[in-house]
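Keep the viewer open and look up the residues as you read.

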Amino acid sequence: MHLLPTLAALLVFMAGATAGFAQPNAPVPVLQIKAGQVTTPVSPMLYGLMTEEINYSYEGGLYGELIRNRAFKANPTNAVFWSPVGGAAISLDPGTPLNDALNVSLKLAAAGASKQVPAGLANGGYWGIPLRPKTSYHVSFYAKASGDFAGPLTASLESTNGKILAQAEISGLTGEWKKFAVDLTTKRIKPSKDNIFKLTTAAPGTIWLQQVSLFPPTFNNRPNGNRPDIMQLMADMHPKFLRLPGGNYLEGDYINERFDWKKTIGDLAQRPGHRSPWNYWSTDGFGLLEYLEWCEDLHMEPLLAVFAGYALRHDYVKPGPDLEPYVQDALDEIEYVSGDAATTKWGAQRAKDGHPAPFPLHYIEVGNEDWFDKSGSYDGRFTQFFNAIKAKYPSLQIIATANVKTSEPDLIDEHYYRSQEEMEAQSHMYDTRERGGKTKVFVGEWATRVGSPTPNMAGALGDAAWMCCMERNSDLVLMHSYAPLFVNVSDLGKGRSMQWPSDLIGYDALTSYGSPSYYAQVMFSSRHGDQVLATDSQNIPTYEWKVPARRRNGAEQPASTRQVPSLFFDATRDQASGTIYLKVVNRAAAPQPVKIEISGAAAVAAKGVATVLKADQTTDTNSLKDPRKIVPVTEKASGLGADFTRTFPPYSITVLELQTK
Ligand code: AHR
């Protein structure tokens, strides 16, 4: 009879050796916080965002535009994502361009149109057109018509089962290109994405169209602006910077497919658009100024990555005179972002584009992941950019993306995409990294890649272990940003709405949600002090990780086993209020009692606040259907003091706020 519990205990013990269960009779872990010893200020720029056009991040994501392929350039031969209505024929017409940038139009042949059977075309948006009750949608387009067309056109929003939800007429089409606009307002409808946009006519004739656009209300009501729900999710992260515009998106597969910023500013109808390396078309309606306004709306500053003469398929520009035009382009770009509107050419251009005030700018990144450039050209390319930028803007901090020898970057961008175990195993990496050199670290892309399309609780636990490491070492790691930030989860097959399978924030056309990793970020970025406190520990439990054979930094590593901590922590203090923020991550399947000892503070209050993110299983996650399954819960905490024991739940991330004097 007594055998069963003994066997169960043995099994728990054995499982604990590999899966992170607390081991019976293991000594209680002890964490010491030395409130009298500040190791470093917390970097004020520590928590930021990284972005690029991937997974339909802007078009079909953050950018408000609801029409897919509005400029008809997504495919060179077909009017993809558009369909004919009522017997019309639609085709691309390169012979009737709007201008040199939008050098094609859609030809709508509606010879058989009548009152009984109107003819036209329809667009289903990015996996649906989201409509809400009593909301106005702004329609605009360029059009011209054949001489026999007597108009008008009808713009309508319809449910996919044919119910008209809003409608308006547009007349005045002539043989010349003209811009038309009208607002469509819904009545008391149910929010839904099962809708289409239609442009039809009851009058026979031929019509040419370009830049057919439908905009919902946007965050801060910006024209050409962003989706409010996704902006709010980011606002809740309190990011300090935005690394833009990539990532691979900065580079392009080929040099002529790079993010060519000068082609992304000004009148939307003068932006030619380009193919992104993630294999879909960007209209560039979301261009450089739109990135900057996104920064402004969320009170963060841009961290501007400039194209550095290297594209993903290994084309590169030799350092020297060939690279000069690209260096000049970067200098112009910096001036566009931060130059004075009255005295600089590109500052004046920005003012002309609608934003007279310069944007704050302190960080410039030269290229992206240039360790892929096996030609050895990065050293020379970086130094050429570095010297030119420093000569004109000595106070800008310049970030390298790979090691260089001929100049000393202010920061180096390191990227870590890892499994949960790898993240946890490297959670003390920066504790022992050599200090002393001038170059600091920017972890510009990182993620624990467990769970798809968005990470699950295992991902959040790995992330939190890693964030403890970065926060604790924020004398060295000045900034970091998770990547990728967004994913459209509408159609998850290969090459559809997702190109990268673990992303922080998910959405479809109508709603959005944060992953457990997102909530871990919110907890870390909004609950920390401005000083890192010295800490120590004893009896930290470990688990055995069977490391598979793998390739790391170009070398083969054989399979091995490794003991990895299963408890992670760091402590910061807000100097003004005396609040200590103790972060504790318990990645184990069992509750973990921990003895916490605080020295160097005159008094520690018995009452405080605890914010906890936890799950029953590491595979638990959030989704469109269950967006708040795993969210942080903030409660009053008691039984605290200079010396207390607290039990941390299984699979949990906790921020304890302790009041000290
Ligand atoms: O975040 C996805 C991609 O990963 C980025 O575009 C690139 O920089 C990295 O390889």
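## The second largest cavity

By class, 3 nonpolar, 3 polar and 4 charged residues line the second largest cavity. (Ala, Val, Leu, Ile, Met, Phe, Trp, Tyr, Cys and Pro count as nonpolar, Asp, Glu, Lys and Arg as charged, and the others, Gly among them, as polar.) The lining is made up of Phe219, Arg222, Asn224, Gly225, Asn226, Phe286, Glu290, Glu293, Trp294 and Asp297, and the volume is about 50 Å³.

A few ground rules: this is a predicted model, where local features need pLDDT of at least 70 and side-chain atom pairs count only at pLDDT 80 or more, while totals for chains, interfaces and linings use all residues. Residues are numbered from 1 along each chain as its sequence is written, and side-chain values use heavy atoms, with hydrogens and water left out.

## The largest cavity

What counts as a cavity or a pocket here? On a 1 Å grid over the protein atoms alone, a cavity is a set of points where a 1.4 Å probe fits but cannot get out; a pocket is an open set with protein on both sides within 12 Å along at least five of seven lines; and lining residues have an atom within 4 Å of a point. Grid points are joined across faces, edges and corners, and a volume is the space filled by probe spheres set on the points.

By this rule there are 4 cavities of 30 Å³ or more. The largest cavity has a volume of about 80 Å³. Its lining includes Arg258, Trp261, Tyr326 and Glu333, and helix 6 (residues 324-338) gives the largest share, 4 residues. Sorted by class, the lining of the largest cavity has 6 nonpolar, no polar and 4 charged residues.

The largest pocket has a volume of about 1,300 Å³. It is lined by 37 residues, and Glu414, His415, Tyr416, Arg433 and Asn553 lie nearest its centre. Strand 19 makes the largest contribution to this lining, with 7 residues. The lining of the largest pocket splits into 12 nonpolar, 11 polar and 14 charged residues.

The second largest pocket comes to about 580 Å³. Of its 25 lining residues, Arg222, Pro223, Asn224, Leu268 and Glu290 are closest to the centre. Strand 7 (136-145), strand 10 (178-185), strand 12 (205-215) and helix 5 (288-297) each supply at least two residues of the pocket's lining.

## Around the ligand

Which residues sit around the ligand? They are Glu52, Gly247, Asn248, Trp278, Asn368, Glu369, Tyr417, Glu445, Pro484 and Trp500, each with a heavy atom within 4 Å of it. That shell has 4 nonpolar, 3 polar and 3 charged residues.

Taken alone the ligand exposes 280 Å², and the protein buries 93% of that (accessible areas come from the Shrake-Rupley method with a 1.4 Å probe).

## Stepping back

The chain has 11 helices and 36 strands. (Helices, H or I with at least four residues, and strands, E with at least two, are DSSP runs numbered from the N terminus.)
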